[in-house]
Amino acid sequence: MYIKLEKLLILLAVVFCSWVFLRAQEKRTDSLLKVKEIQAVNLTKKVIEQVGDKTYFNVENSNLSKGNNGIEILQKSPKLSVNSDGNILLKNKNATILVNGRKTNLSGADLTAYLQSLSSEDIKRIEIQDVASADQDASITGGIVNIVLKRNPKGLRAIAKTSYTFKKVNYDTYSSSLNLNYGSEKWNMYSDISYAENRDLGNSWGIFNYNNGQINRNGGIFKQSNDNFGFRLGTVFFPNDKNSVGIEGYYNKRNVFYDDISDLIIYSPNSPTIVSKNYSLSKSPLDLWYFTINYTLKTDNLGSTIKFIGDLGRNN
């Protein structure tokens with residue numbers, strides 16, 4: 001009886017240990033599967049990757065995919081920076097900006113205004129190339145930044161943005177924009193309209209001491225305003241998987257006003273004090289527009305394409 005009870009206890013212990021071992025193996029298998037699933041997700045959701053001689057910043061996979069404009073995306077892209085003049089720098093040198101492989105032919109404030117009209121929701125990735133390759137436009141020198149836009153899904157999409165910054169009464173910053181997109185099986189139509197105004201007020205002063213005892217004192221007040229209106233309208237037609245035809249028009253009107261009043265006082269040990277008052281007023285209106293048409297033919301499944309691009313515009 002005692003022996004039978006002992007065998008029964010041993011059998012129960014073996015069964016229990018086997019059950020514990022199997023449960024542990026199941027948990028380990030589940031854990032491995034979860035790790036593999038996470039790895040698989042990470043592999044398909046790369047944010048930055050190197051493809052040949054290009055660095056890809058996959059905006060659609062990043063946390064910048066919503067609520068940003070084109071210039072903000074470039075400011076946060078690897079290897080790139082934007083200076084105070086609005087120039088896009090790659091390794092501290094001016095880069096050539098392409099949109100879907102097409103040169104924009106804009107620079108400075110004009111390029112900044114255009115990039116601000118692009119929405120991060122429309123940007124698929126940023127392709128950064130340190131040196132232009134042989135298949136690029138012969139006029140391109142230095143680095144290249146290609147902004148690849150998405151082929152929008154079906155249906156209607158609207159995005160409205162607005163911002164306001166209060167500095168002082170009558171001196172503030174305001175901006176608003178509206179982005180509309182409509183996609184179907186063969187057509188994609190898009191438009192952007194934006195307006196921004198910036199009023200600024202400030203003062204400056206300085207003291208310069210010279211070895212001969214002369215002292216120059218200057219001080220002044222400046223007022224500055226910048227109004228900017230932009231409009232972009234375009235459509236892309238996809239008759240089949242190998243051909244696409246695109247038409248786009250862009251208009252930008254900008255008014256920059258600068259008013260400066262300053263005083264200069266010159267003290268000299270053996271000369272009368274000189275006092276002068278200076279007035280400076282400048283206005284810089286701009287009207288810019290361009291119209292472009294492009295055709296793309298995919299010649300194989302390796303990414304080879306033939307492109308025809310025509311541009312017409314004015315900047316005055």
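## Nonpolar surface patch

In this predicted model, Val-245, Ile-247, Trp-289, Phe-291, Ile-293 and Leu-312 make a nonpolar surface patch of about 490 Å². Strands E14 (243–268) and E15 each supply at least two residues of the patch. The largest share, three residues, comes from E15.

Ile-247, one of the patch members, lies in strand E14. Its relative accessible area is 32%. Ile-247 is therefore classed as partly exposed, because that class lies between the 20% limit for buried residues and the 50% limit for exposed ones.

## Largest nonpolar core

The largest nonpolar core has 27 residues, of which Leu-74, Tyr-114, Leu-115, Ile-126 and Ile-147 touch the most other members. At least two core residues are supplied by each of the following elements: helices H2 (70–75) and H3 (108–116), and strands E4 (88–90), E6 (96–99), E8 (123–129), E9 (144–149) and E15 (271–298). Helix H3 gives the largest share of this core, four residues. In soluble globular proteins, nonpolar side chains tend to be buried together.

Which residues does Leu-74 touch, not counting those up to four places away in sequence? They are Leu-80, Ile-88, Leu-115, Ile-126, Val-145 and Ile-147. Among these, Leu-115, Ile-126 and Ile-147 are listed with Leu-74 as core residues that touch the most other members.

## Val-99 in strand E6

Val-99 is placed in strand E6. Is Val-99 buried or exposed? With a relative accessible area of 5%, Val-99 is buried, because the buried class covers values under 20%.

Leaving aside neighbours within four places in sequence, Val-99 is in contact with Thr-104, Tyr-114, Asn-146, Ile-147 and Leu-149. For Val-99 and Ile-147, 48 residues apart along the chain, the separation of the C-alpha atoms is 4.7 Å.

## Gln-129 in strand E8

Strand E8 contains Gln-129. The relative accessible area of Gln-129 is 2%, so this residue is buried.

How is the side chain of Gln-129 joined to that of Asp-53? A polar contact of 3.0 Å links the two side chains. Gln-129 and Lys-54 are 75 residues apart along the chain, and their C-alpha atoms are separated by 4.7 Å.

How values were computed: Residues numbered from 1 in each chain as written. Predicted model: local features only at pLDDT ≥ 70, side-chain atom pairs only at ≥ 80, totals over all residues. Heavy atoms only, no water. Core = buried A, V, L, I, M, F, W, Y, C linked by side-chain atoms within 4.5 Å. Buried < 20%, exposed > 50% of the residue type's maximum accessible area, 1.4 Å probe, protein only. Contact = heavy atoms within 4.5 Å. Polar contact = N/O pair within 3.5 Å; in protein donor to acceptor, adjacent residues only side chain to side chain. Patch = residues over 30% accessible without salt bridge, like charges linked within 9 Å, V, L, I, M, F, W, Y side chains within 5 Å. Areas by Shrake-Rupley, 256 points an atom, 1.4 Å probe, with all protein chains shown as cover. Salt bridge = Lys/Arg side-chain N within 4 Å of Asp/Glu carboxyl O.
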